[in-house]
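Student: I have a new structure to look at, and I would like to learn how to read its features. Could you guide me?

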Amino acid sequence: MDLHTLTAHELAEKIKSRDVSARAVTDAFLARIEAVDGDVKAFVTVTADRARETADAVDRRLAAGEEVGPLAGVPVALKDNLCTEGVETTCGSKILRGFVPPYNATVVDKLLGAGAVSLGKANMDEFAMGSSTENSALFTTRNPWDLSRVPGGSSGGSAAAVAAGEAPLALGSDTGGSIRQPAAFCGLVGVKPTYGRVSRYGLVAFASSLDQIGPFARNTRDAALLLSVIAGHDPCDSTSVPRPVPDYRAGLNGDVRGLRLGVPSQYFAEGIAPNVQAAVLQAVELLESLGAKVETVSLPYTEYVLPAYYILAPAEASSNLARYDGVRYGHRTTGARDHIGLFEKTRDEGFGAEVKQRIMIGTYALSHGYYDAFYLKAQQARTLIQRDFAACWQSGIDALVTPTAPSVAFGVGEKADDPLAMKLSDICTLSANMAGIPALSQCCGFSEDGLPIGLQLMGPAFSEETLLRIAHAYELATDWHTRRAPL
Amino acid sequence: MPEYETRVGMECHAELLTESKMFCGCRNEFGGEPNSRTCPVCLGLPGSLPVMNKKAVEHVVRTALALNCTISLHSIFHRKNYFYPDLPKGYQISQYGNTPIGTNGWLEIERADGTTKRIRITRVHLEEDTGKLIHSDGAGYSVVDYNRSGVPLMEIVTDFPPDIESAEEARLYAETLRSVLLYLQVSDGKMEQGSLRAEPNPSVRPVGSDTFGVKTELKNLNSFRSVQRGIEYEAKRQIEVIEGGGRVVQETRGWDDDKGVSFSQRSKEVEQEYRYFPEPDLIPLDFDVKWLDSLRESLPELPNEKKRRLAEQYGLPASDAAQLVLERETADFFEAAAKGAKDPKAIANWMLGDLARLANAESVPVHATQVTPGALAGMVGLIESGAITGKIAKSVLEEMVATGKTAAQVVEEKGLTVSGADEVAGIVANVVAANPDVVAKIKAGNDKSIGFLVGQVMKESKGRAKPDDVNRLLKDEIAKQ
């Protein structure tokens, strides 16, 4: 039996029933990493010893007849911007090389509390800025479906790890599509929860008003389980919302009858590849055949999403990344003559080109005399974008269906020299972050050359249950999610 | 040379008295082993997030109410971005723009001549303190202590154009403000430890000018005296610069209290670029009107009200009342001692005179010596009843401060009661008998000479005789001759 091909639910059940030991499962995934990660390069750090210790502890509890958590013995990969106590957390950046956090992110504690086994830290674009992992200061992760292509980004390592069978589950973070776009490129389910649904404490900040942590899985039920574990209010994060967390699996009944699905015309425009449009529209037809009501809707402020996002996210980033100054942790230059020199040289050596560019854009947008024209204007646009969505929900729409990305995974190096083209690959995903609403990507087909195509569902704040229900119903009627990358 | 006038804007920072820091659970206190009170939040570690200290918010709201401010029902926080090694996040969480917690208030000061003046306050807001850089001479590097990083800090800024027109007014403003903070128990007001920092912005202009002069900002003033001296020096310096044909440079200037001079620290000619924007990691403060009302109603009697009441209720001169109310405990001490006293003014005199001097020698506030309000009242009672003289009382009080005994105990143990009439009469008879020449002069009409005999009697009685008695007995005795 190839344990690494099983879903998280299958693994959890086998471990709980002591059909297989947690240790055996962990060893199987470590062996899989050993076998394929040289090609895929999903992991920045593999914490094999810790993983085995955690797995052994789960086995001891089970042997003693003690209660175990819902993820007992199930391996998970963590994006390398989630703080892990005692384990280096690089954020894909040279500037955080050697930074070992003295604390766990809240989601990491929740995972460990649920019995999960962390396998290690997954690669990402530096500070989560990018759509391909090519901005990682360490190396580029490859798409398990085609090693010449990117896995998407910024959570490309997390997505590739799950798609390659190196982990059944992974956590990523999503500021403008960084979970959904790699989920689409790698044929996975990826969820960006409502802003405030999951604690950001311990997530190295990119853009604080947009960042959310969310799950990667190979199917909806697994994603729902992982989301149930990590969601909830955290007294350490003022922006997390005190609202009860349901078991997101409870609503997965396959029934979409009567649900009203909106298809926003602006998301099926020029720039979206024909094969992507076709696959998504086919999925819409399928959902309609299952009893959903489909209607075309309009989100007129969509054209302002990208420009407003590329003011606000860099503005917040320019401030969030100010702390990397070489004084307390991470990279510190040598030979600086004063503190200004220390800051300038450390930051010049430590940050990559994309990060520097965004810091400069954000610094400019916040500067005296430009604030009103840029930052304030972008905030006003954000309000209008939020109103677009609010109007949809008010008219009775339960969820919107769009492509996740304009194309299937592109080749390594293909867009590396064209920052605008790279940024356009997030065109469909940015709006959910701007509006603070939940969104999900799932696989809705394959291109002729065998690459996954992603479909995005977006819903009102805290409608994760509905989005997962729709995705699950689609999954029951299709078999895309059962395909495996040819590794 | 034209006549110049001084205007002073004041920025004051007060560290707030809270159990924990502004945005984390670390303890908020002064000093200690460097970096012993730090955590991921106040060290600005990646991934950490701030959580608001509600007590700090309450302290600022109460202060704003006491300073007659309008309270913003909706108040937000901003990031003030700049790079410095003592600023671990690369930004300070502060309140910028139109919605600080308090706006448009005022504080009344009273000048030495008893006239009062309102100093308008433009804003009262909440922010966090930074760490401290420690430079070691010749080591070639500096180190940072983050114990102070994230300590809640309140900023109080006077309005423009400035109402403060002299160095003395600036000192009075700082003193009065400190009193208010102490009464509210929101700050310990220790200027020497930096928990209360006053940063005056003095400028000068020729009398009659319709524009204001260029201001400089003074830092490291760690006493009220240095506030006044610093401004006096700076105003004089600015006038000399202008009269010498120069231009006052807008800059931050440090104050060297030992040398009594200010020195240039940092130019402010180019406006600092702080890139303020709303802090996305915190949710806005939305105040409930009922909560504000309950805070307003529970404000203590404030120094200015107390000063007026003490003067009226106890018949004190305004200047005495002003002295007594500077610290709430001093005023409480006075009221406890004056309760039921025949002459409250005598209580005030003793507190502001001898007791203050003795307390100062022990480096404690006047209310914190071993002398209780009851003991001080008892001592004044002994004087009033004629049991001891004022002169004796001085040494009695000294003993009370040193030992914590009551006046009655000291008097008893040392046998300091006023000598009986018989004893004094005996001494008088002896003195008269021993000085026949002086007596003769007096009889001849030289009344002044009686002073010598009084002195002799007082000396013989070791000060325990009452001068009135001595005078009367001497006259009787001389008349007998």
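Student: Is A:T133 buried or exposed?

Tutor: Let's start with the rule: a residue is buried if 20 or more other C-beta atoms lie within 10 Å of its own, exposed if 12 or fewer, and partly exposed in between, with C-beta atoms placed from the backbone. A:T133 is buried, because 32 other C-beta atoms lie within 10 Å. Keep in mind that this is a predicted model, where local features need pLDDT of at least 70 and side-chain atom pairs count only at pLDDT 80 or more, while totals for chains, interfaces and linings use all residues. As for the names, residues are numbered from 1 along each chain as its sequence is written, and chains are lettered from A and ligands numbered from 1 in the order in which they are written.

Student: What is the phi of A:T133?

Tutor: The general idea comes first: most residues other than glycine have a negative phi, and most peptide bonds are trans. A:T133 has a phi near 70°, a positive value in a residue other than glycine. A:T133 sits in the loop between β3 and α5 of chain A. These labels follow DSSP runs, numbered from the N terminus: helices are H or I runs of at least four residues, and strands are E runs of at least two.

Student: Where does B:N35 lie, and is B:N35 buried or partly exposed?

Tutor: B:N35 lies in the loop between β1 (4-15) and α1 (54-66) of chain B. B:N35 counts as partly exposed because it has 15 C-beta neighbours inside 10 Å. Its phi is near 60°, again a positive value in a residue other than glycine.

Student: Which peptide bonds are cis?

Tutor: One of them runs from A:G153 to A:S154, with omega near 10°. A:S154 is in the loop between β3 (117-122) and α5 of chain A. Another runs from B:F160 to B:P161, with omega near -5°. You will find B:P161 in the loop between β10 (152-158) and α2 (167-184) of chain B.

Student: How many residues of helix α5 of chain A are buried?

Tutor: Eight of the eight residues in α5(A) (residues 156-163) are buried, so to speak mostly covered. Among them are A:G156, A:S158 and A:V162. After α5(A) comes A:G165, with a positive phi near 75°.

Student: How do I read the sheet in chain A?

Tutor: Strands of a sheet pair through backbone hydrogen bonds, either parallel or antiparallel. Here two strands count as paired if DSSP finds at least two bridges between them. In chain A, eleven strands form an open sheet with mixed pairing, in the order β1-β3-β2-β4-β6-β5-β10-β11-β9-β7-β8. β1 (43-46) and β8 (293-297) of chain A stand at the edges with a single partner strand each, so one side of each has no neighbour in the sheet. On average, neighbouring strands of this sheet are turned by 30° against each other, direction ignored.

Student: Which helix packs on the sheet?

Tutor: Helix α8 (residues 274-289) of chain A does, touching β7, β8, β9, β10 (439-446) and β11 of chain A. Its direction makes about 150° with that of β9(A). For such angles, axes are lines fitted to C-alpha atoms, for helices over the stretch in contact, and angles run from 0 to 180 degrees between N-to-C directions. Contact means that the C-beta atoms of two residues, placed from the backbone, lie within 7 Å.

Student: What are the partners of β9(A)?

Tutor: Strand β7 (residues 260-264) of chain A runs parallel to β9(A), joined by two bridges, and A:G262 stands opposite A:L400. β9(A) also pairs with strand β11 (residues 452-458) of chain A, antiparallel over four bridges; there A:P403 stands opposite A:L455. Five of the five residues of β9(A) (residues 399-403) are buried, so β9(A) is largely enclosed by the rest of the structure.

Student: How many residues does each chain give to the contact between chain A and chain B?

Tutor: Chain B gives 25 residues and chain A gives 35 residues. On the chain B side, they divide into 16 nonpolar, four polar and five charged. In this grouping, Ala, Val, Leu, Ile, Met, Phe, Trp, Tyr, Cys and Pro count as nonpolar, Asp, Glu, Lys and Arg as charged, and the others, Gly among them, as polar.
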